[in-house]
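Welcome! Here is a short tour of one protein model, meant for someone meeting it for the first time. Please keep the sequence and the 3D view at hand while you read.

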Amino acid sequence: MPDVKATYYFRPDRRTTASEAAQAIAEEETTGTWTRLTTRQDYVRALDGEVLDVESSGAGYVTTIRYPSEIFEPGNVSQYLSVVAGNLFGLGRLEAVRLLDMEFPETLSDFRGPNFGIEGVRHLIGSRDRPHVGTIIKPKVGLSPEDTAMVAYQAAVGGVDFIKDDETLTDQAFCPMEDRVEAVMGRLDEARDETGRMVLYAVNVSDRADRIVERAERAIERGANTIMVDVITCGFGALQALSESPSISVPIHVHRTMHAAMTRNPEHGIAMRPIARLVRMMGGDQLHTGTVSGKMGHNPEELIGDNAVLTQPYYGFREVFPVASGGLHPGKVHAELAALGTDIVLQAGGGIHGHPDGTAAGARAMRQAVDAFLEGVSAEEYAEDHVELRHAISLWGAE
């Protein structure tokens, strides 16, 4: 049976060789411990982890470790992570360790994957090859349902394809989820009558494990055409429960809030690549992966590889729509599309709602910046005949 392989970067402490450190990871995550055991049986050796290689990399080393498939409970993603990303991060013999990637055999990848993916979301919107433009309701919390709906309406008539709650907005008293969904979807129906365009609205259903599916069902009953989940805080199992529930008949937008606690340090933690891989396996249709020019820390080379994990062939799973978000505005559109391609959602919050002429103008400016790229024209040149883009560039500049 094919086994699991996981790749790590690590730096051993001064008393430990690179080979010893790699072996310590393999033992800690499979059958070993810090001392000789009287309870160990010979047949347990079949479940030992195996260090396949150790190579120098910068100030440390990279190792690939094979984990026997039998250690993993099929379909239990929480248990998968306890093996490939468990106690190793606290090992005293390691000064730093980072999970870079992992490969699961098809026998352990028997999940449904995305129900919609890029193709399904494009079908709902009616788009083909162009990037999608999205926005986040801003301010991220505090607006009433009615004011939230007005912001959504302005963004929709301005030309966005996708609107979402922010990660901290769920079902607070100042903006109850059910009231918010009904208000927003009512205004989006108005926008559709005026423009002929369907716009997706992802309501944040993040909640504790035993309530998240029921919360999503309530949102859908009230008209939600997309749902959103904070996958790190809720857990990959929550995403799996949503995607595999027959009652969840809409795309799932996946927010990665809290990810940087694991991904930002280039020497310690968990890279975005494994997170992206698991989101695709568990059934996310869209996932925030980052930008090449936005406000968050980013490594363009890693980001391109992360997006590839979402879109390259992988056990027949549908492709996941990568989402570039965090400090984007019309002047950054060219840099994002030139680096990441057009199978992308360009998501701007402040870069739309902070436009000097308002939300609708901000949405038009983003669409104009996309059109300029697709026509092979610079944003500055296109702005000469498009006032919304011109005003955005005057405020924020262009890259």
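Met185 is buried, with a relative accessible area of 9%, where buried means under 20% relative accessible area, exposed over 50% and partly exposed in between, using a 1.4 Å probe and protein chains only. The model is predicted, so local features need pLDDT of at least 70 and side-chain atom pairs count only at pLDDT 80 or more, while totals for chains, interfaces and linings use all residues. Residues are numbered from 1 along each chain as its sequence is written, and side-chain values use heavy atoms, with hydrogens and water left out.

**Met185 and its surroundings**

- Met185 has its place in helix H5; helices (H or I, at least four residues) and strands (E, at least two) are DSSP runs, numbered from the N terminus.
- Leaving aside residues up to four places away in sequence, Met185 touches Tyr201, Gly223, Ala224 and Asn225, where contact means heavy atoms within 4.5 Å.
- Met185 and Leu200 are 15 residues apart in sequence, and their C-alpha atoms are 9.2 Å apart in space.

**Helix H5 meets helix H6**

- The axes of helix H5 (residues 177-195) and helix H6 (residues 212-221) come within 9 Å and cross at roughly 30°; axes are lines fitted to C-alpha atoms, for helices over the stretch in contact, and angles run from 0 to 180 degrees between N-to-C directions.
- The crossing of H5 and H6 is right-handed, a label used if the near helix is turned clockwise from the far one by less than a right angle, with left-handed used if anticlockwise.
- On the H5 side the contact is made by Met177, Glu178 and Val181, and on the H6 side by Arg215, Arg218 and Ala219.
- Sorted by class, the contact of H5 with H6 has 3 nonpolar, no polar and 3 charged residues; Ala, Val, Leu, Ile, Met, Phe, Trp, Tyr, Cys and Pro count as nonpolar, Asp, Glu, Lys and Arg as charged, and the others, Gly among them, as polar.
- Asp171 lies in the loop between strand E6 (162-164) and H5, and is partly exposed, with a relative accessible area of 30%.
- Not counting residues up to four places away in sequence, Asp171 touches Pro176, Met177 and Arg215.
- Asp171 and Arg215 are 44 residues apart in sequence and 9.6 Å apart in space, C-alpha to C-alpha.

**Charges over rings**

- Arg187, also placed in helix H5, counts as buried at 19% relative accessibility.
- Arg187 lies over the face of Tyr153, at 4.4 Å from the ring centre; a charge sits over a ring if NZ of Lys or CZ of Arg is within 6 Å of the ring centre and within 35 degrees of the ring normal.
- Besides Tyr153, Arg187 touches Ala149 and Met150, again not counting residues up to four places away in sequence.
- The charged end of Arg277 sits over the ring of Tyr314, 5.3 Å from its centre.

**Aromatic pairs**

- The structure holds 7 aromatic pairs; rings of Phe, Tyr and Trp (its six-membered ring) pair if their centres lie within 6.5 Å, and planes under 30 degrees apart count as stacked, over 60 as edge-to-face and the rest as tilted.
- One of the pairs is Tyr80 with Phe111, which is edge-to-face at 6.1 Å centre to centre with 75° between the planes.
- This pair links distant parts of the chain, 31 residues apart: Tyr80 is in helix H2 (residues 77-84) and Phe111 is in the loop between strand E4 (94-103) and helix H3 (117-125).
- Tyr80 is buried at a relative accessible area of 1%, and Phe111 counts as buried at 8%.
- Tyr314 and Tyr315 form a tilted pair, 4.9 Å centre to centre and 35° between the planes.
- Tyr314 counts as buried at 12% relative accessibility, whereas Tyr315 counts as partly exposed at 36%.
- Phe72, Tyr80, Phe104 and Phe111 form one aromatic cluster.

- Helix H10 (residues 272-282) is mostly covered, with 10 of its 11 residues buried, among them Arg277 and Arg280.
- Gly283 follows H10 and has a positive phi, near 115°.
- Pro105 is found in the loop between E4 and H3 and is buried, with a relative accessible area of 6%.
- Not counting residues up to four places away in sequence, Pro105 touches Pro2, Asp3, Val4, Ser69 and Tyr315.
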